[in-house]
Amino acid sequence: MATINDNYLKLKAGYLFPEIARRVNAFTEANPDAKVIRLGIGDVTEPLPAACRQAMIQAVEEMGSRDTFRGYGPEQGYGWLREKIAAYDFQARGCEIDSSEIFISDGSKCDCGNILDIFGSNNSIAVTDPVYPVYVDTNVMAGHTGEVNEKGEYGGLVYLPISAENNFTAEIPTQPIDLIYLCFPNNPTGATATKEHLQAWVNYARANGSLILFDAAYEAFITDPTLPHSIYEIAGARDCAIEFRSFSKNAGFTGTRCALTVVPKTLTAKAKDGSDVPVWQLWNRRQSTKFNGVSYIVQRGAEAVYSEAGQAQIKALIDFYMENARIIREQLTAAGIQVYGGVNAPYVWVKTPHGLSSWEFFDKLLHTVNVVGTPGAGFGAAGEGYFRISAFNSRENVVEAMRRITEKFRAS
Ligand SMILES: *Cc1c(COP(=O)(O)O)cnc(C)c1O
């Protein structure tokens with residue numbers, strides 16, 4: 001008799017986005033003329049940069065001729081792309097990262113889940129609360145947790161609460177934890193980490209033999225020049241951290257798919273016999289066995305991000321979204337609503353006014369001004385009382401949504 005991975009039964013039903021869709025659908029059915037604006041999405045809206053499109057068109061043409069056709073590429077990604085990434089994203093910022101330590105993939109979401117293949121099943125694991133749900137759910141699937149409680153917390157995971165009280169940066173734990181997920185700039189709170197904060201984490205990790213899984217999907221949105229873009233800007237991080245990066249948000253590749261994971265060759269973890277094993281070796285083996293690389297065409301598209309034109313075009317894209325974020329922050333503040341984030345990240349994290357719960361505020365915005373956001377409680381128990389508004393949208397939608405909200409809330 002075939003059996004299933006019972007851990008999947010522990011997953012709480014995909015609650016957040018289906019529930020948002022259910023409430024929006026019910027509202028639009030009852031109010032077919034309402035022009036609903038969706039500021040809940042975590043997907044980009046603007047077209048692919050021209051430099052990336054042109055590089056991919058050329059790559060498609062190369063595939064049409066026997067001389068330049070490419071079959072299987074290296075599982076780790078083509079050297080020319082890995083070298084550009086190493087030079088532009090890491091070495092230019094003083095990070096000691098070699099191209100051989102960069103693994104190209106089809107997404108950070110997959111890498112965040114797949115990385116668990118190479119770690120033991122008895123690690124203690126910490127996530128922040130609120131959190132990007134992928135870190136939690138992939139650990140549930142891998143059997144690293146117990147059951148979920150009524151607050152949505154899984155047994156066996158350590159939740160590190162983040163809120164306005166701690167500036168949305170978790171306190172460094174007092175107990176040793178083996179695997180720690182950090183995401184800066186943060187989804188959903190839009191918070192960032194200073195070099196000092198990351199140094200404290202790196203020091204903690206090295207003292208406790210912990211490994212940090214650092215998600216830098218939003219590093220391109222950092223505007224404050226004092227903030228680190230990579231954990232490898234921090235002394236000692238090569239010995240305790242893996243970093244995930246993606247072309248999804250900086251270059252609009254959410255549908256095109258290209259990302260990367262950095263595994264320094266100096267990073268080790270313990271085998272059962274107590275020996276120190278290089279993590280790079282295991283990830284290289286895992287990728288070579290279970291992955292056959294990202295499409296040549298897409299890797300050429302990603303490479304074009306590093307051309308002069310590509311750099312200018314992605315800067316314009318990011319500036320566009322960050323101007324949306326500025327408008328959202330400014331207008332909500334003017335309406336008397338407390339906001340966080342949105343300065344170095346494309347998410348504005350709103351304190352729900354008048355003590356409304358996340359879902360009460362969701363319903364109020366939907367019903368009174370026909371604007372949709374994401375209830376903070378959907379990202380974890382400590383997200384209750386907050387609400388995420390995304391800057392990924394057209395200028396027109398952002399301006400109109402903010403006009404409606406300020407009009408409504410100024411009056412009330
Ligand atoms: C969007 C996002 C990613 C990127 O995922 P891809 O699979 O590369 O598209 C990674 N981490 C977080 C927190 C994100 O929001």
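Q: What classes of residue make up the lining of the largest cavity?
A: This is a predicted model. In it, the lining of the largest cavity has 11 nonpolar and five polar residues, and no charged ones.

Q: How much space lies in that largest cavity?
A: About 90 Å³.

Q: Which residues are closest to its centre?
A: T128, Y181, L182, C183 and N186 are the closest to the centre of the largest cavity, out of 16 residues that line it.

Q: And which elements give two or more residues to that lining?
A: Those are β5, residues 179-183, and α6, residues 195-208. The largest share comes from β5, with three residues.

Q: How many cavities of 30 Å³ or more are there in the whole structure?
A: A search finds three.

Q: OK, pockets now. What volume does the largest pocket have?
A: The largest pocket has about 1,200 Å³.

Q: How many residues line it, and which lie nearest its centre?
A: The lining of the largest pocket has 48 residues. Nearest the centre are F17, Y132, P133, V134 and F379.

Q: Which elements give two or more residues there?
A: For the largest pocket they are α1, α4 (108-114), β3 (125-129) and α5 (133-141). Of the elements, α5 gives the most, with five residues.

Q: From which domains does that lining draw at least three residues?
A: From each of domain 1, which covers 6-46 + 311-411, and domain 2, which covers 52-308.

Q: How does the lining of the largest pocket divide by class?
A: There are 23 nonpolar, 13 polar and 12 charged residues in the lining of the largest pocket.

Q: What about the second largest pocket, what is its volume?
A: Its volume is about 600 Å³. The second largest pocket is lined by 25 residues, and N123, T268, A269, K270 and A271 lie nearest its centre.

Q: Changing topic: at what angle do helix α1 and helix α10 cross?
A: At roughly 30°, with the axes of α1 (residues 16-30) and α10 (residues 358-369) coming within 11 Å. α1 passes α10 in a right-handed crossing.

Q: Which residues make that contact?
A: From α1, the contact has L16, E19, I20, R23, V24 and F27. From α10, it has W359, F362, D363, L366 and H367. The contact of α1 with α10 has seven nonpolar, one polar and three charged residues.

Q: What about α2 and α8, how do their axes cross?
A: The axes of α2 (residues 50-62) and α8 (residues 296-303) cross at roughly 150° and come within 8 Å. Their crossing is right-handed.

Q: Who is in contact there?
A: On the α2 side, C52, A55, M56, A59, V60 and E62 take part. On the α8 side, Y296, I297, V298, R300 and G301 do.

Q: And by class, for α2 with α8?
A: The residues of this contact are eight nonpolar, one polar and two charged.

Technical notes
Residues are numbered from 1 along each chain as its sequence is written. This is a predicted model: local features need pLDDT of at least 70, side-chain atom pairs count only at pLDDT 80 or more; totals for chains, interfaces and linings use all residues. Side-chain values use heavy atoms; hydrogens and water are left out. Axes are lines fitted to C-alpha atoms, for helices over the stretch in contact, and angles run from 0 to 180 degrees between N-to-C directions. Helices (H or I, at least four residues) and strands (E, at least two) are DSSP runs, numbered from the N terminus. A crossing is left-handed if the near helix is turned anticlockwise from the far one by less than a right angle, and right-handed if clockwise. Contact means heavy atoms within 4.5 Å. Ala, Val, Leu, Ile, Met, Phe, Trp, Tyr, Cys and Pro count as nonpolar, Asp, Glu, Lys and Arg as charged, and the others, Gly among them, as polar. On a 1 Å grid over the protein atoms alone, a cavity is a set of points where a 1.4 Å probe fits but cannot get out, and a pocket is an open set with protein on both sides within 12 Å along at least five of seven lines; lining residues have an atom within 4 Å of a point. Grid points are joined across faces, edges and corners, and a volume is the space filled by probe spheres set on the points. Domain bounds come from an automatic or database domain assignment.
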